[in-house]
Amino acid sequence: MILVRNIRLPLSCPDPEQEAVRRACKILRLPLRKAANAGVSKLSVDARHGTPVLVYTIAITLNDEGEESALAGASPCVCFTRRPEFSFSQGQTPLLHRPVVVGLGPAGLFAALVLARGGFRPLVLERGPALERRVEQVEHFERTGELDPNANIQFGEGGAGTFSDGKLTTRVGDPLCGYVTETFLRHGAPEDIAWRQKPHVGTDLLRGVIASIRSEIEELGGEVLFNTALTGLKTRGGVLEGISTTAGEIACDRLILAVGHSARDTFFMLRTEGLPLACKPFSIGFRAEHLQEEIDRSLYHAAAGHPALPKGEYQLSQKVGSRCVYTFCMCPGGQVCAAASEEGGVVTNGMSYHARDGRNANAAVVVSVDGSDFGEDPTEAVAFQRRLEQAAYRAGGGAYRAPAETVQSFLEGRGQLELGRVQPTYPRGVTPCDLGGLLPDELASDLRTGLRAFGGKLAAYRAPDAVLTGLETRTSSPVRLLRAENLQCVSLPGLYPCGEGAGYAGGIMTAAVDGVRCAAALMQDCAPARTEEN
């Protein structure tokens with residue numbers, strides 16, 4: 001395959017995709033009849049210099065693939081690439097029992113899929129319910145404030161990513177990202193995730209994709225036990241031999257632990273078992289909501305609203321002393337979510353549907369913390385998150401209402417919710433609050449400094465009626481379960497710490513890739529179990 005990059009076209013171009021293909025062929029000096037396929041590989045928008053332009057990368061395959069490499073030097077913007085082929089080797093020694101995967105978020109889902117495709121018939125444990133029931137419980141919580149600690153935005157089939165826009169953006173250049181993308185496409189994800197600069201599936205469409213992948217796992221001999229949580233590990237002579245669950249004990253000599261960043265009871269159990277947990281950096285803050293049209297104007301200027309332009313997205317950061325204030329998980333045309341998983345605590349998150357057609361945009365605005373803030377004690381890091389969430393619950397007045405403040409009030413420390421054009425979307429309702437008073441003074445000060453800096457970078461952040469809703473505490477896992485180069489726990493062979501909850505990923509794509517990587521490492525050492533097990 002030949003890639004022709006940096007084909008720049010104005011918004012006024014009547015058929016930009018066809019024009020981009022024509023220009024790519026011209027650069028290659030290639031008659032279009034010699035191309036077997038020619039189409040968009042990537043599309044981005046360059047709005048740095050006022051008027052936005054569309055920037056295409058065109059992928060071309062030739063009827064005679066042997067001729068492709070000769071065209072690589074036609075221009076500095078041309079390169080030759082091969083689509084990666086994915087295969088996973090297997091060891092010779094059969095497992096005593098089929099492998100167990102704990103957690104059916106992106107990491108666990110893809111670990112189980114790779115194992116199932118390899119003939120290992122994995123057993124998957126998920127503490128929450130299947131997706132349809134999970135969605136019902138989330139909607140029930142949003143209406144009534146009655147929280148199910150095992151069926152919410154954090155727990156259940158698909159993990160936390162199911163309710164976070166289905167963003168597949170990543171800075172990781174791992175070829176396994178292609179494996180994840182191809183799998184999503186095979187199971188019904190929108191075709192544009194293969195070429196968008198910032199691909200997203202959308203919360204609504206992602207649900208069907210997840211259920212379809214789970215069906216493939218089951219069709220290949222895997223088994224999923226919903227409403228089943230891991231409660232303990234059984235070892236003998238320093239080797240894993242089984243696990244305890246809420247459904248009973250299970251024999252197990254290989255376990256992929258992909259519990260997600262909110263499984264605090266599991267973290268405590270691992271600590272009690274003497275496994276090596278360490279503090280990992282994470283961030284805390286709140287959700288900032290703006291009018292989407294204000295974001296579009298800030299980014300695209302006079303071209304805002306042009307049908308060729310995607311919804312405006314941004315990513316901002318500012319160094320403040322030894323910390324970083326930054327935006328995270330930006331959701332164009334989205335809404336703020338009620339993401340609590342423990343009674344008596346308020347947690348916010350954000351999401352968008354595939355159309356991204358909501359009135360507001362939202363993003364987390366957070367400040368970094370690390371082990372030095374907690375005496376390198378992971379238990380204290382988790383306790384810090386919990387204290388903030390409980391303080392937010394009290395400030396909201398109960399019933400999982402969230403504390404909120406308009407941005408100008410927060411900058412001035414007035415604790416007012418002076419609503420204007422931006423109306424909060426948090427489903428349980430909001431209560432005016434001094435958000436700075438819920439945070440340690442240093443962190444509140446750093447967030448104010450960061451917000452002022454953002455106002456100099458993006459005009460929408462100067463809007464005084466932008467709404468801040470708190471608190472955002474689950475940006476990533478506060479702990480890491482240490483693993484060796486073979487991806488097994490350094491103190492317990494057979495246990496594979498995996499994904500975001502174990503501290504080795506941050507988002508759907510990286511978690512899924514880590515799941516693939518852990519499954520591949522397991523398979524490389526072992527062959528499928530010979531005996532039939534239930």
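In this predicted model, strand E17, which spans residues 348–351, is covered on both faces. Thr348 and Gly350 are buried on one side of the strand, and Asn349 and Met351 are buried on the other. E17 pairs with strand E16 (residues 335–338) in the antiparallel sense, over four bridges. Within this pairing, Asn349 of E17 is the bridge partner of Cys337.

The second largest pocket holds about 1200 Å³ of space. Its lining is made up of 37 residues, and those nearest the centre are Ser41, Lys42, Gly178, Ala194 and Trp195. Strands E1 (2–10), E2 (35–46) and E3 (53–62) and helix H4 (176–186) each contribute at least two residues to this lining. E2 gives the most, with seven residues. By class, the lining of this pocket comprises 18 nonpolar, 12 polar and seven charged residues.

Four cavities of 30 Å³ or more were counted. The largest cavity has a volume of about 70 Å³, and its lining includes Gly105, Pro106, Phe184 and Ile508. Helices H2 (106–117) and H5 (203–219) each supply at least two lining residues, with H2 giving the most, three residues. Seven residues of this lining are nonpolar and four are polar, while no charged residues are present.

The second largest cavity contains about 50 Å³ of space. Among the residues lining this cavity are Leu257, Phe267, Arg480 and Ala502. Helix H6 (264–272) and strand E22 (479–481) each provide at least two residues of the lining, and the largest share, three residues, comes from E22. The lining of the second largest cavity consists of eight nonpolar residues, one polar and one charged.

Note on methods
Residues are numbered from 1 along each chain as its sequence is written. This is a predicted model: local features need pLDDT of at least 70, side-chain atom pairs count only at pLDDT 80 or more; totals for chains, interfaces and linings use all residues. Side-chain values use heavy atoms; hydrogens and water are left out. Buried means under 20% relative accessible area, exposed over 50%, partly exposed in between (1.4 Å probe, protein chains only). Two strands pair if DSSP finds at least two bridges between them. On a 1 Å grid over the protein atoms alone, a cavity is a set of points where a 1.4 Å probe fits but cannot get out, and a pocket is an open set with protein on both sides within 12 Å along at least five of seven lines; lining residues have an atom within 4 Å of a point. Grid points are joined across faces, edges and corners, and a volume is the space filled by probe spheres set on the points. Ala, Val, Leu, Ile, Met, Phe, Trp, Tyr, Cys and Pro count as nonpolar, Asp, Glu, Lys and Arg as charged, and the others, Gly among them, as polar.
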